[in-house]
Amino acid sequence: MKGPGLFVAQFIGAQAPFNTLSGLARWAGGLGYRALQLPTHLDHIFNLAQAASSQDYCDAVRGTLAEHGLVISELSTHIQGQCVAVHPAYDLLFNRFAPLSVRDCASSRTQWAVTQLGLAAQASARLGLKAHATFSGALAWPYLYPWPPRDNGLIDLAFSELAARWQPIVTAFEAVGVDLCFELHPGEDLHDGTSFERFAGLLGNPPRCAILYDPSHMLLQQMDYLSFIDLYHDRIGAFHVKDAEFHPTGRQGVYGGFADWRDRAGRFRSPGDGHIDFNGVFSRLTQYGYEGWAVLEWECCLKSATQGAREGASFIQRHMIEMTQQSFDDFAASPLSTQERQHCLGLSGTDNIP
């Protein structure tokens with residue numbers, strides 16, 4: 001595992017150092033981060049179209065980060081991926097994610113998003129990246145709770161359509177050898193293991209169809225986020241280090257009663273301030289040979305972004321595990337001959353050891 005990395009989407013702002021890539025790199029490098037996960041919807045930070053077509057631009061971006069001891073962990077198309085599939089109930093809300101030229105036309109917005117993901121595949125390849133982070137979008141999400149009783153064919157159609165829209169995108173990432181990692185997130189049709197399996201199965205289970213593992217979203221769904229690693233470790237291509245806590249009450253539980261984030265039973269916290277067993281998470285990922293980045297994502301409902309970032313690098317570093325290359329009892333090992341092994345098991349036919 002590599003780290004610490006930082007997803008900078010939540011830190012970009014109008015004031016220096018957060019308004020340029022070089023400023024962000026200088027700031028993050030000074031905090032001890034070794035990689036940045038870069039959003040791709042803001043051209044003044046990272047120009048996706050230019051990166052897809054120009055090796056010189058990609059080399060310049062890498063050079064800017066290298067000046068501060070940083071590399072790119074992954075590119076992110078969470079915004080564009082969301083727009084690949086938008087249920088009509090969310091049209092107005094997600095219109096703001098797309099350029100003015102395709103707003104108010106669902107088919108144009110979808111085609112723009114698909115094109116953006118294709119550019120992300122090319123840019124990732126030019127940058128020599130191994131993984132990419134994104135959202136799936138959602139057509140079935142409004143029907144999550146099965147009341148009123150839903151028609152099973154409705155969900156089948158939603159996932160078939162979702163898979164059809166992502167098929168050319170997955171193929172593009174397969175072609176360049178980059179894992180397309182879906183963040184399993186409530187609000188997306190891919191929000192847990194079952195929904196991911198359904199989607200991947202419709203695509204034929206391509207090996208580059210992967211998962212961005214974020215245990216905070218699983219805790220808030222009351223999933224076993226450690227067993228998730230046991231089940232899907234071979235699909236995990238990216239990792240967000242984000243904490244959460246869950247305190248059910250007599251008034252609310254998983255669904256939160258439409259309360260604001262601070263007043264919900266489940267809420268996001270900075271790493272170490274919530275309920276996630278990060279010792280267990282890092283141990284499981286190390287055990288299964290995860291070779292990607294551990295990337296901090298700040299979304300705490302209490303702690304400021306700057307404090308979360310300051311504390312996050314050292315938090316991740318403390319949890320990194322250098323995989324042992326020997327057994328703890330190797331010093332006492334005593335190799336046996338074949339005859340000695342037989343003797344130990346009473347199979348030698350003699351009490352005398354030659």
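Mentor: In this predicted model, valine 281 touches Tyr213, Tyr225, Leu226, Ile229, Phe239 and Ile276, where residues up to four places away in sequence are not counted and a contact means heavy atoms within 4.5 Å. Residues are numbered from 1 along each chain as its sequence is written, and side-chain values use heavy atoms, with hydrogens and water left out. Because the model is predicted, local features need pLDDT of at least 70 and side-chain atom pairs count only at pLDDT 80 or more, while totals for chains, interfaces and linings use all residues.

Val281 belongs to the largest nonpolar core, which has 92 residues; such a core is a set of buried Ala, Val, Leu, Ile, Met, Phe, Trp, Tyr and Cys residues joined through side-chain atoms within 4.5 Å, and buried means under 20% relative accessible area with a 1.4 Å probe, protein chains only. Together with Trp166 and Phe199, Val281 touches the most other members of that core. Helix H7 (residues 152–176) supplies the largest share of this core, nine residues; helices here are DSSP runs of H or I with at least four residues, and strands are E runs of at least two, numbered from the N terminus. Ala133, Cys181, Ala210 and Leu212 are among the six residues of a second, separate core.

The wider setting is as follows. The protein has 354 residues, of which 49% count as buried, and its secondary structure comes to 13 helices and 10 strands. Its C-alpha trace spans about 90 × 55 × 45 Å along the principal axes. When contacts between residues at least 6 apart in sequence are considered, 77% of them join residues at least 24 apart.

Leu21, Gly23, Leu24, Ala25, Trp27 and Ala28 are its buried residues.

A polar atom of the serine 54 side chain lies 3.4 Å from the backbone nitrogen of aspartate 56. Although serine 54 and alanine 123 are 69 residues apart in sequence, their C-alpha atoms are 8.6 Å apart in space.

A pocket is an open set of points on a 1 Å grid over the protein atoms alone where a 1.4 Å probe fits, with protein on both sides within 12 Å along at least five of seven lines; lining residues have an atom within 4 Å of a point. The largest pocket is lined by 50 residues, and Trp141, His185, Pro186, Gly187 and Trp261 are the closest to its centre. Strand E3 (71–77), helix H4 (78–82), helix H9 (215–220) and strand E9 (266–269) each contribute at least two lining residues, and H4 gives the most, with four.

The second largest pocket has a lining of 26 residues, with Lys130, Asp179, Gly237, Glu291 and Gly292 nearest its centre. E3, strand E6 (209–213) and strand E7 (236–241) each give two or more residues to this lining, and E3 provides the largest share, four residues.

Methods. Buried means under 20% relative accessible area, exposed over 50%, partly exposed in between (1.4 Å probe, protein chains only). A polar contact is a pair of N or O atoms within 3.5 Å; within protein, one must be able to donate a hydrogen and the other to accept it, and residues adjacent in sequence count only if both atoms are side-chain atoms.
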